[in-house]
Amino acid sequence: MKTLTLTIDGKICAGAAGQTILEVATASGIEIPTLCHMKELSPWGGCRMCIVEVGGIAKPVPSCATPAADGSVVVTKNERLDRLRKLTLELLFSERNHICPICPMNKGDCELQMSGYKFGIDGIRFPYLYPALPVDLTGKYLGLDHNRCILCARCIRTCDEIEGAHTLDLGNRGVKSQVIVDLNSTFGASTTCTHCGACVSACPTGALFDKNAAFHGALKRCAQVRTTCAECPVGCGLVVYTMDDRIVDVFGDGDSPVNRGHLCVRGRYETWAVKRERLTEPMVRRNGALAPVAWDEALAAIRAATRGLKSGEKGLLVSGRLTNEAAETLAKIRPSVSSVGMYVAENEAAMCGDPGAARDVFPLLQEADAFVLLGADPARLQGVVAARIRVAVRKRGAKLVMLNVRSSDLDAYADISSRMVGLERAFWKRVADVLKGRRKPVLIYGPNAMTSLGVAAMEKLLKTFDADCGPSVIGLPATTNALALSAAGVEAVDDLSRWFASAPLRAVHVCAADEPAGGARILREREVAGCLKAMEFVVLQTAYFSRLVELADVVLPALAWSERSGTITNFEGRKLPLRPALTPRGQARDDADILESIYA
Ligand code: SF4
Ligand code: SF4
Ligand code: SF4
Ligand code: FES
């Protein structure tokens, strides 16, 4: 790559052809004020806070949108530039209602407010316009107060370039310009918004805000914990903001090699902005009703009820969300419980047999020019992967073929989408036409590809790609840590009735860990409630209340995602850390510790 040399504020700075003046200056440790710029997004050049003087050019230029030229002499700070920046800020403050004390971003979280302090704005020379603009509170988790908007378009570009949804745009002209949702709709009525919250993370002011975080504490004053989202096998990096031992907000970790700051709605909101009823104390069933007891009493009740049972009569059914460390405990306690199964999604057990080779998947997604999704639905389960696919289709013209038994939000972006029924010769001809000439195809398969129809479709597909250009094949499971747990020897079970029938069980311990619905998904298999009722003794270990509680003789409170520590291994084979952001609620304990105290 051609290198460039510039003089910025008297300092010789090296850069590469194609870099902007701002990028070269930032890399050389020279700070230039910005507002509409975000390094992850394409340049916009809208706010003019980043103006600099370039030798030979009469007017200041926006450094974020001006390519660095070899040999140029740049000045980033002088009295004239500061005067113009101050003028820009005054105009921004005059246009809309920026009364900071009643804004959720007040006290250090707002880039506009901070710029105002930095440039000494204590009043403005222009009349305030203060139009009465609407506030859209219809979003599931976010709100948009147009009165705080500075039209920097960071939200619009983020939604377009990172989430790939292009829900947002600019409507109207001049002073009437406004961010619009879909075709001037609302977040609540939007048909394209995925509720990922990426636009909120990008907004420099209080215009876009998280409804559950607003006025719960300034982020600048919160403690921050970097941990990993355990809602799916992608394992996105999270930054959890806490104050007084409660979560104020959750953002993506920009330093994570997996998601680079981006999250889907599950990791961004559902874990904390959706209220879940916690179980905080051990309980034992007496005279038909569950009653709170001390830990020792609950453990004694389990030992007493299972003392006479042989190891083959005791079953342990664990969630695929357990940590790698819990897997070590399971190996240790194996002699005491011979039937250990891990419940996974429908058809997922076959995926667990083959954990696949560890590799970086995101660069493949970033470069792919065609995607075939077979039995996988990342729009529902692994939103950050879906975002990469949407961006590739919309921004880079990548092709998309969707084959699945159920419909997906990604169908709207697909060249071909089929429910995998009646796939005739003409259909495969269409698929081949779509994939023809594609040099970097990616085939992503999920649990629903693990059926006889799915395997037949996979064989057909592999012959459909150009002979000299086979696809990168990526397995995308549904259950968070199922691949690692199965590699550690825990048997994956996707037919629970058969698992119950395969051993002469008299007692079962369901370890649901911190599953969002308290493990109740096992009741989706019709016969499972009957199998549990037929047991002489049922122990339930879970963080959240669910219908399963009614079937249990002893209930043990487990840690939730924000309290857990240890590691999980994502679908790329990366070992990722879980770090506690909160102290355990009530008497909740770590899953591995509980298992060890009963069976070791
Ligand atoms: S929440 Fe996500 S999809 Fe919806 S407008 Fe914001 S960035 Fe776009
Ligand atoms: S809503 Fe926020 S990010 Fe979007 S244009 Fe307005 S100020 Fe910028
Ligand atoms: S893609 Fe998966 S790991 Fe990432 S935020 Fe969404 S649910 Fe969490
Ligand atoms: S940051 Fe460059 S114009 Fe806004």
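Asn-184 is located in the loop that connects strand 9 (178-181) with helix 5 (198-202). This placement, like everything below, is taken from a predicted model.

**Loop residues with positive phi**

- Asn-184 has a phi near 65 degrees, a positive value in a residue other than glycine.
- The relative accessible area of Asn-184 is 58%, and because the cut-off for exposed is over 50%, Asn-184 counts as exposed.
- Leu-151 also belongs to a loop, the one between strand 7 and helix 4 (154-161).
- The phi of Leu-151 is near 55 degrees, again a positive value in a residue other than glycine.
- Leu-151 is partly exposed, at 21% relative accessibility.

- Three strands form an open sheet in the order 6-7-10, and their pairing is antiparallel.
- Strand 6 (135-136) and strand 10 (208-210) are at the edges with a single partner strand each, so one side of each has no neighbour in the sheet.
- Strand 7 (residues 142-145) and strand 10 run antiparallel and are joined by three bridges.
- Leu-142 has Asp-210, in strand 10, as its bridge partner.

**Ligand 1**

- There are 13 residues around ligand 1, and the nearest are Cys-159, Cys-193, Cys-196, Gly-197 and Cys-199.
- The shell around ligand 1 consists of eight nonpolar, four polar and one charged residues.
- Ligand 1 takes up the space that is the largest cavity.

**Ligand 2**

- Ligand 2 is surrounded by 14 residues, of which Cys-149, Cys-152, Ala-153, Cys-155 and Cys-203 are the closest.
- By class, 12 nonpolar, one polar and one charged residues make up the shell around ligand 2.
- Cys-152 has 8% relative accessibility and counts as buried.
- Cys-203 is likewise buried, with a relative accessible area of 12%.

**Ligand 3**

- Ligand 3 has 13 residues around it, with Cys-229, Cys-232, Gly-235, Cys-236 and Cys-264 coming nearest.
- Helix 6 (265-270) and helix 12 (383-396) each contribute at least two residues to the shell around ligand 3.
- That shell around ligand 3 holds seven nonpolar, four polar and two charged residues.

**Disulfides**

- A disulfide is a covalent bond linking the sulfur atoms of two cysteines.
- Zero disulfides are found in a search of the whole structure.

Methods
Residues numbered from 1 in each chain as written. Chains lettered and ligands numbered in written order. Predicted model: local features only at pLDDT ≥ 70, side-chain atom pairs only at ≥ 80, totals over all residues. Heavy atoms only, no water. Near = heavy atom within 4 Å. Helix = DSSP H or I, 4+ residues; strand = E, 2+ residues; numbered from the N terminus. Nonpolar A, V, L, I, M, F, W, Y, C, P; charged D, E, K, R; others polar. Pairing = 2+ DSSP bridges. 1 Å grid on protein atoms, 1.4 Å probe; cavity = no way out; pocket = protein on both sides within 12 Å on 5 of 7 lines; lining within 4 Å. Sits in = over half its atoms within 2 Å of the grid points. Disulfide = S-S within 2.5 Å. Buried < 20%, exposed > 50% of the residue type's maximum accessible area, 1.4 Å probe, protein only.
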